[in-house]
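Hi everyone, thanks for making time for this. I'd like to walk you through a structure, so please have a look at the screen.

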Amino acid sequence: MAEFEHRVRGIIADPALTYRQRLHRLAGIAEEAVAPPAVSDACREAQEKGVICDLAEGHAPYRPRYVLPDYAALLRNGSAFLELAPPRDLDEALAFLLIAYTSVPSITTYPVYLGDLDKLLTPFVEKINDEELYRRLRLFWISLDRMLPDAFVHTNLGPDDTRVGRTILRLERELLQVVPNLTLKVDPARTPDDLLLDGVRTVFACGKPHFVNHPMMTGDLGPDYAAVSCYNSLKIGGGSHTLVRLNLAEAVRHCPGGAQTFLAQTLPLFVELTAELIEARIRYLVETAGFYAHDWLVAEGLISLDRFSAMFGIYGLAEAVEALLEREGKHLRYGQDAEANELSYRITSTVADLVAARPLPYCEGNGGRAFLHSQSGIDSDAGVTAGTRIPVGREPALFEHLSAVAPHHRLFAAGISDVLHFDDTARRNPQAVVDIIRGAFVSGMRDFTFNLDSNDFIRITGYLVRKSDLTRIESGARHESTFLGAGSVAQSHVDRRAPKRVISHESNPRPDR
């Protein structure tokens, strides 16, 4: 009790925290006071050893980690819970959405999904000229950042070209805000080069958007999907109960043999223990907390239990591969040596097969199985690389980088991301970047994300922080995610990614042009 009181008083008196940040942390401490969902001794031991991590979701899951309401249905039908009639014009639609966002739960306490805003708002803008549209959306966009100060708040655009989408990209370049995170869905048959070029130039200014392979996404998730939070892809009208991750690097340390033993014995053991924890958390959320029995989003048909699943995350692939090869006397590097890359594909394919064979309750959103996810890391990770990425600072040239990681992407329906770091040659060759994105998707990439080293933004895992905010963090931060970003910079050095040059697209027809 004395330790509990000490921690509470420390949060209350912390001058760097805002009221909302203190409230969030105090709620987390209160949740830690209860026993977590029951698991076996072996599962609990794997957690204590750091092989399995529940990403600090709390001991008593009372809301899903990620919720993706069907905002189109909400705008179409109105809401009895919110006492709002369906909006009739753009002003009413924008006010309606801002009100709704305040009542959408998630692991962060802020909504991780704002809807595919270009599609949602296009029906309301037909009679509004461009400058009026800009003025109204500008106020809305500023409101999002000030009212929802967390970089995991996410919206989607595309794959079609719209006036609303173009205006949003213009606003992103001008306002340079952290919120919302942004994804542009790209379809080779529907997304014009000019829209992709607009997106690329927006990244030059503010690090957004991500670009996702729309045909691959729809093939795995159906047409009604969205990227949320960092870059996690899930079904609209559903979401993910939980995200539990397996540390492959730590799992290797508990493997008594080499690669064959790891694949045949160690991985099956730890995949099952991870699934056990996922199942325990799902059952608590559904059966004990009863979230899906009483939340307003369910009652109004905006989310449905049968569109939810869970996310099975992996990370530390690079360290796992290299440690296993070291046991054979081979000093090879993942991302650079073919043998290391081939072992990495065997590992992720084995995990994918094991996860696909393990049934889980209340996961009808993915046929009763968890979605596989390449987990992008958290601020406390030290000495272990996010997901299936190549270690920071060791990234090879662009073509070699894409060739190494692309074979993993098909396995990770719930999200995989490789952050590429471009130098300022990209600014002089924006069309070349468009060609790179299209070539990357042809090669099998699911998500394409790049940084530019000369703007004020650092992409941490899948979310952004401003470098200028990090320099002021000792006196506090308005965005909750800035604290996490500072930890990742300190622990994982994500600000030191190896920059890549981008040459003129006329001189190089390969996908790395």
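The mean pLDDT of the protein is 92, with 94% of its residues at 70 or more. One stretch to treat with care is residues 505-513, where the pLDDT is below 50. In the model, that stretch has 18 contacts beyond near neighbours in sequence. Where pLDDT is low, the predicted coordinates should not be read in detail.

Now to the helices. Find helix 9, residues 193-206, and helix 19, residues 430-442. Their axes are 9 Å apart, and the packing angle is about 110 degrees, which means that helix 9 is roughly perpendicular to helix 19. The crossing of these two is right-handed. Which residues of helix 9 meet helix 19? They are Asp193, Leu196, Leu197, Val200, Arg201 and Phe204, and across from them in helix 19 are Pro430, Gln431, Val433, Val434, Ile437 and Arg438. By class, this contact of helix 9 with helix 19 has 8 nonpolar, 1 polar and 3 charged residues.

The second pair is helix 16, residues 338-356, with helix 17, residues 398-409. Here the angle is about 15 degrees and the axes lie 10 Å apart, so helix 16 is roughly parallel to helix 17. This crossing is right-handed too. From helix 16, Asn341, Ser344, Tyr345 and Thr348 meet Ser403, Ala404, Pro407 and His408 of helix 17. The contact of helix 16 with helix 17 divides into 3 nonpolar and 5 polar residues, with no charged ones.

Let's turn to aromatics. A search of the whole structure finds 10 aromatic pairs, and one of them is Phe211 with Phe450. Their rings are stacked, at 6.4 Å centre to centre with 5 degrees between the planes. Where do the two residues sit? Phe211 is in strand 5 (residues 210-213) and Phe450 is in strand 12 (residues 447-452), so to speak a link between distant parts of the chain, 239 residues apart.

Last, the backbone. The peptide bond from Lys208 to Pro209 is cis, with omega near 10 degrees, and Pro209 lies in the loop between helix 9 and strand 5. Another cis bond runs from Val179 to Pro180, with omega near 0 degrees. Pro180 belongs to the loop between helix 8 and strand 4. Finally, Glu83 is a non-glycine residue with a positive phi, near 55 degrees, in the loop between helix 4 and helix 5.

Note on methods: Residues are numbered from 1 along each chain as its sequence is written. This is a predicted model: local features need pLDDT of at least 70, side-chain atom pairs count only at pLDDT 80 or more; totals for chains, interfaces and linings use all residues. Side-chain values use heavy atoms; hydrogens and water are left out. Axes are lines fitted to C-alpha atoms, for helices over the stretch in contact, and angles run from 0 to 180 degrees between N-to-C directions. Helices (H or I, at least four residues) and strands (E, at least two) are DSSP runs, numbered from the N terminus. Angles under 35 degrees count as roughly parallel, over 145 as roughly antiparallel, 65 to 115 as roughly perpendicular and the rest as oblique. A crossing is left-handed if the near helix is turned anticlockwise from the far one by less than a right angle, and right-handed if clockwise. Contact means heavy atoms within 4.5 Å. Ala, Val, Leu, Ile, Met, Phe, Trp, Tyr, Cys and Pro count as nonpolar, Asp, Glu, Lys and Arg as charged, and the others, Gly among them, as polar. pLDDT is the predictor's confidence in each residue, from 0 to 100. Rings of Phe, Tyr and Trp (its six-membered ring) pair if their centres lie within 6.5 Å; planes under 30 degrees apart count as stacked, over 60 as edge-to-face and the rest as tilted.
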